[in-house]
Each structure stands twice: as structure tokens, then as C-alpha cells.
Amino acid sequence: TMEKQILKSPISLYSLSSILIAAVTPILLVDNRCQAAPAASYKTSATAANSQSTNTPAVSTTNWTKSELLKAAQIAELEGQNGLADEKYSAALKAAQSASPADSNLILACTAAFADFLEKQSRFPEELSLRQNALALAEKAYGKASPQYAGQLANLASYHAAKGEGANARNLTDQASAILSKSPDSEKKFPLENSSAHFAVARRQTAEGTLGLADDSYIKAREL
């Protein structure tokens with residue numbers, strides 16, 4: 001499965017992402033890079049959150065509430081309510097960051113979702129900051145040899161590929177792929193991280209003009 005509303009997100013490099021989204025099941029990024037799910041399946045749970053004032057909602061210490069904030073943000077984005085989506089993504093991330101005990105997976109999910117949204121709004125400096133924060137968090141929580149760290153390397157690589165920074169993108173995708181290749185049954189155990197890595201490679205290959213290779217990489221990302 002793939003993102004990010006992507007397959008999500010950052011060639012406009014954005015035009016390529018839009019084509020890919022239209023060709024596959026609607027995507028909502030819920031875990032690291034993405035989790036496939038029909039948008040309608042979230043609408044019931046998100047209705048209450050999105051019917052509240054558009055002011056940033058008060059956060060709760062429960063993971064359920066933080067997850068609902070993230071879902072509400074995704075629904076608002078899909079419905080074209082970008083201002084509301086911005087507030088909901090911000091609220092979900094703040095809630096995840098303030099939780100005790102900390103839930104690194106949830107923070108990474110909220111960070112990646114918010115970064116994907118910012119990318120589509122062409123708010124690249126803010127997106128880059130979130131990508132870098134997510135990479136630092138993954139390193140601290142899981143270590144530099146972890147699949148989670150590799151997934152965040154891939155997300156950052158996608159950013160650089162979308163900006164036409166091929167050397168940076170190649171360096172990061174190579175690192176991510178090397179880490180993931182060391183994990184037995186990596187694609188079965190860590191499909192989201194591997195999907196992110198294939199997507200980043202595909203975006204880089206598109207930027208380099210190797211469209212045939214990019215097609216293959218996009219297919220691999222989608223199949224996961």
C-alpha cells in the first residue's frame with residue numbers, strides 16, 4: 001500500500017502523484033508513510049471532530065482522541081477544507097507529542113501525515129522541518145539500523161527528489177534500502193517502510209528521466 005495520499009505525496013513531481021492516486025485505492029496516511037483505506041470508512045468517526053469549531057481543538061491524553069484528530073484532518077483534506085485540515089493536523093501532532101507516556105509510532109504517523117499535507121500545499125520549508133524532525137525521532141526511538149529509521153530516510157529522500165536534488169535523494173534512498181535489506185522478510189514485516197523506500201526511489205528515477213525504472217518502482221510501492 002502507499003501513502004500517502006501519494007502514491008503519497010511530494011513530480012511537479014506532484015503531477016505524477018496525482019496520476020497514481022487516481023489509479024489506485026484512495027489512500028490515507030495513518031502509519032508512517034501510509035495505510036490504504038477507503039475515505040468513507042473514516043467519515044463517521046471524523047464527523048464529530050470536524051463539526052466542532054474550526055479553532056484548534058483541545059487535545060486529550062488518550063491515543064483514541066489523537067487518532068481521531070488525525071482521521072478528522074485527513075477527511076478535511078480529502079474534502080478540500082485545507083484550513084481546517086491544517087488545524088487538525090497541527091492539533092493531532094501536538095496531542096501526540098504531549099502524550100505521556102510517549103508513543104513514537106503515533107508521533108511519526110502524525111508528523112508524516114502533516115508533512116505530506118504541507119507538501120501538497122507547496123509549503124516546502126515547513127515540510128522539510130517535519131521530515132527532519134521525524135528522522136531525528138526515529139533515530140532516537142528505534143536507532144539508525146531500524147526499519148523505522150529507514151522509512152523516515154525514504155520520506156526525506158522523496159522530499160529531495162521532488163525538489164530536483166538528485167544527489168541527496170540517491171544518498172538517502174541508498175541508505176534506506178541498505179537498512180531494509182538487512183531485515184529478514186523485510187517486506188512482510190515492514191511493508192510501509194519498504195513502500196516508502198520504493199516510492200522514494202521511483203520519484204528519484206522520475207526526476208532522473210528513467211521513467212521505465214520509475215514505473216517498476218511505483219508498482220512495487222503500490223503492491224506493498
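Helices α6 and α7 run roughly antiparallel to each other, because angles over 145 degrees count as roughly antiparallel. Their axes come within 8 Å and cross at roughly 165°. Axes here are lines fitted to C-alpha atoms, for helices over the stretch in contact, with angles running from 0 to 180 degrees between N-to-C directions. The crossing of α6 and α7 is left-handed; in such a crossing the near helix is turned anticlockwise from the far one by less than a right angle.

The model is predicted: local features need pLDDT of at least 70, side-chain atom pairs count only at pLDDT 80 or more, and totals for chains, interfaces and linings use all residues. Residues are numbered from 1 along each chain as its sequence is written, and side-chain values use heavy atoms, with hydrogens and water left out.

The protein has 11 helices and two strands. Helices (H or I, at least four residues) and strands (E, at least two) are DSSP runs, numbered from the N terminus. Their order along the sequence is α-β-β-α-α-α-α-α-α-α-α-α-α. Of the 224 residues, 53% are buried (under 20% relative accessible area, 1.4 Å probe, protein chains only).

The contact between α6 and α7 (heavy atoms within 4.5 Å) draws on both helices. From α6 come residues including Phe124, Leu128, Leu135 and Tyr142. From α7, Tyr149, Leu153, Leu156 and Tyr159 are among them. The contact residues divide into 10 nonpolar, four polar and three charged. Ala, Val, Leu, Ile, Met, Phe, Trp, Tyr, Cys and Pro count as nonpolar, Asp, Glu, Lys and Arg as charged, and the others, Gly among them, as polar.

The largest nonpolar core holds 38 residues. Such a core is a set of buried Ala, Val, Leu, Ile, Met, Phe, Trp, Tyr and Cys residues joined through side-chain atoms within 4.5 Å. Tyr89, Cys110, Phe114 and Leu153 have the most contacts inside this core. Two or more residues come from each of α3 (63-78), α4 (82-98), α5 (104-120), α6 (124-142), α7 (147-162), α8 (166-181) and α10 (191-208). Helix α5 gives the most, with nine residues. Tyr89 touches Leu70, Ala73, Gln74, Glu77, Ala113, Phe114 and Phe117, not counting residues up to four places away in sequence. A second, separate core of five residues includes Phe199, Ala202, Tyr218 and Ala221.

Ser186 lies in helix α9 (residues 186-189). Ser186 is buried, with a relative accessible area of 7%. Leaving aside residues up to four places away in sequence, Ser186 touches Leu180, Pro191 and Asn194.

Methods: Buried means under 20% relative accessible area, exposed over 50%, partly exposed in between (1.4 Å probe, protein chains only). Angles under 35 degrees count as roughly parallel, over 145 as roughly antiparallel, 65 to 115 as roughly perpendicular and the rest as oblique.
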